[in-house]
Amino acid sequence: MHDSKRHAQSIRRRILDTAFGANKGHLGSALSVCEILTALGLVACEFGTESDSRDRVILSKGHSSLALYCALVEFGVHNPDILTKYCRDDSLLQTHPDHELAGVEFITGSLGQGIGYGVGVALAAKLTKSEFRTFVVLSDSELNEGSTIEAAAIAGTQSLSSLVVVLDLNGQQALGYTNDVLRVGNSSITWAEMGWDIEEVPGHDMNALINALRSSANVQRPKLVIAHTIAGKGVSFMERNIEWHYLPMTRPQYETAIAEVTSG
Amino acid sequence: MRNQLIDRLTQEADNDSRIVLLTADLGYGVVERFAKRHPNRFINVGVAEQGMIAVATGLAHSGMIPYCYSIATFASLRALEFIRNGPVAHGLPVRVIGIGPGFDYENDGITHFAVDDLAALRSQPGLSIWAPADEHEFAENFALAHHAQGPMYLRIPRRPVAPLLKVTRRAGNNANQCKVLLLSFGDARSESNDLMQSLLSAGIKSDYAEAFWISSHSRQEIADLVNGYDICVTVETHYEAGGFGSWVLEVVQTLASPPRVVVHGVSSLPVGPLGSRSWLTRTYMTNPATTVQRVVTIADRCS
């Protein structure tokens with residue numbers, strides 16, 4: 001197995017182990033972004049460090065925080081033992097990320113706010129002539145929020161070429177499938193009209209993701225990588241199943257999930 | 001109580017075609033019963049809280065009675081300007097349902113902690129706030145809330161609130177004749193219980209009362225309740241600034257002999273290390289010892 005796939009599989013296992021240990025949910029969205037976070041771990045310069053020159057990685061879809069914690073462990077930012085603190089008292093690892101934890105740039109959990117912050121960071125890079133890039137991981141449910149569209153329009157207008165937004169297009173949100181809940185249009189068209197470069201990739205294809213993130217940005221435009229993903233990816237009974245936005249696993253479910261991810 | 005609220009709304013909607021339930025894509029396992037029974041009057045607007053309030057304003061201005069469902073922080077803070085310019089400015093019966101007061105969403109973090117919703121909303125003229133703590137209070141006063149004129153904010157616990165305190169409402173006078181009232185707001189019963197025990201341990205007996213409303217109509221009720229006490233200790237799952245205790249401070253200014261008001265609430269910014277509701281309460285609310293010391297200091301001057 002290629003190293004990048006092994007990283008994604010390991011992140012997936014850690015997510016299941018940690019969530020089961022804490023009896024917590026938000027699994028569908030966490031399993032959806034394993035390859036995206038792996039690609040960022042491999043591509044983003046000085047991923048998760050405190051270095052001023054690091055590329056910034058912002059998890060706008062804060063409800064996938066567990067996937068981020070597991071990615072930070074996978075890429076050596078934190079010791080694996082830290083995951084035992086997930087959702088414990090007096091812990092920085094909760095169900096949405098807190099910026100006091102190394103590797104977290106910004107507190108998210110209220111949808112549609114991380115991207116605006118990311119636009120500000122990218123604008124600062126432009127104004128200060130800094131070299132770092134800014135990556136924002138956005139959920140498709142965040143396209144419901146007007147603030148997301150406002151931020152996208154600002155970024156396009158300001159020609160923030162160091163900004164890359166990865167849209168985790170898994171087609172689901174809390175109460176239903178996104179197309180049933182709210183018709184937000186085709187982002188590849190609407191964002192292009194706001195001044196963005198667009199690239200669509202299979203969201204669980206490591207090579208495609210890495211290439212999309214590595215490719216040099218257009219000097220004038222921010223970039224939207226539309227990653228077509230599957231909520232609950234890797235666990236058959238969770239895939240495309242709305243209820244796994246919230247549910248924690250029973251032991252038999254956990255054992256089945258681990259077996260599927262390990263064999264996958 | 002979320003289930004009780006949606007059940008009651010579903011029943012009311014059977015007989016009142018003006019009732020509409022909107023949600024900003026929240027309420028999994030709760031709102032479905034209304035959606036199933038009244039599919040045409042259940043609208044999931046998506047994760048779009050501002051839009052939800054704007055749409056509700058249009059509905060209300062057209063004679064409907066919209067209920068807007070979301071987590072309390074999103075319902076109150078994110079949509080604040082829309083609440084202000086819509087139902088408040090136009091005096092419309094939009095009902096904003098905010099789920100999860102205080103630290104109800106515990107591990108979800110500050111984005112989900114409704115510790116400043118009261119401060120934001122109680123400034124709005126004509127907007128009433130109702131924060132029922134249990135099924136009894138809900139059943140007793142739902143009709144009052146539902147039929148009230150103007151906009152309403154319903155601050156609804158996500159988890160069961162501690163049972164009513166098993167204490168006498170009149171605990172007796174203290175040795176120094178200082179009369180102390182402990183006044184709990186909404187879901188703050190367990191915090192009130194702990195504080196009352198701490199006061200007793202320090203030799204301070206206090207009467208106990210609960211309040212569930214912040215509104216122009218309940219001002220006189222609160223004034224009458226606290227009148228005659230030397231000290232009123234307010235307890236709430238909200239920042240000390242701007243919430244229920246601050247409102248009581250404003251109310252008592254109208255009294256000839258106002259009590260000293262001691263506000264007990266969330267005293268510091270809950271970011272960084274977090275945890276369970278009880279851990280958050282211990283860590284980020286006023287230390288009970290601090291409040292007790294303040295009460296003791298004031299009480300010593302009573303006689």
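This is a predicted model: local features need pLDDT of at least 70, side-chain atom pairs count only at pLDDT 80 or more; totals for chains, interfaces and linings use all residues.
**Stop one: where the chains meet**

Show chains A and B together. Here 24 residues of chain B are in contact with 28 residues of chain A. Now colour the chain B side of that meeting place. The elements that give two or more residues to this side are α3 (49-61) and α4 (72-78) of chain B. What kinds of residues make up the side of chain B that touches chain A? They divide into 10 nonpolar, 11 polar and three charged.

**Stop two: a pair of helices in chain A**

Next, select α1 (residues 3-22) and α10 (residues 251-263) of chain A. Their axes are 10 Å apart, and the helices pack at an angle of about 175°. Angles over 145 degrees count as roughly antiparallel, so that is how α1(A) and α10(A) lie relative to each other.

From α1(A), pick Gln9(A), Arg12(A), Arg13(A), Leu16(A) and Phe20(A). From α10(A), pick Tyr254(A), Ala257(A), Ile258(A), Val261(A) and Thr262(A). Sorted by type, the residues of this contact are six nonpolar, two polar and two charged.

**Stop three: a glutamate in chain B**

Jump over to Glu210(B), which sits in strand β8 (residues 207-211) of chain B. Is Glu210(B) buried or exposed? Glu210(B) is buried, because 20 other C-beta atoms lie within 10 Å.

Now look around it. Leaving out residues up to four places away in sequence, Glu210(B) touches Ala133(B) and Ser184(B).

How values were computed
Residues are numbered from 1 along each chain as its sequence is written. Chains are lettered from A and ligands numbered from 1 in the order in which they are written. Two residues are in contact if their C-beta atoms, placed from the backbone, lie within 7 Å. Helices (H or I, at least four residues) and strands (E, at least two) are DSSP runs, numbered from the N terminus. Ala, Val, Leu, Ile, Met, Phe, Trp, Tyr, Cys and Pro count as nonpolar, Asp, Glu, Lys and Arg as charged, and the others, Gly among them, as polar. A residue is buried if 20 or more other C-beta atoms lie within 10 Å of its own, exposed if 12 or fewer, and partly exposed in between; C-beta atoms are placed from the backbone. Axes are lines fitted to C-alpha atoms, for helices over the stretch in contact, and angles run from 0 to 180 degrees between N-to-C directions. Angles under 35 degrees count as roughly parallel, over 145 as roughly antiparallel, 65 to 115 as roughly perpendicular and the rest as oblique.
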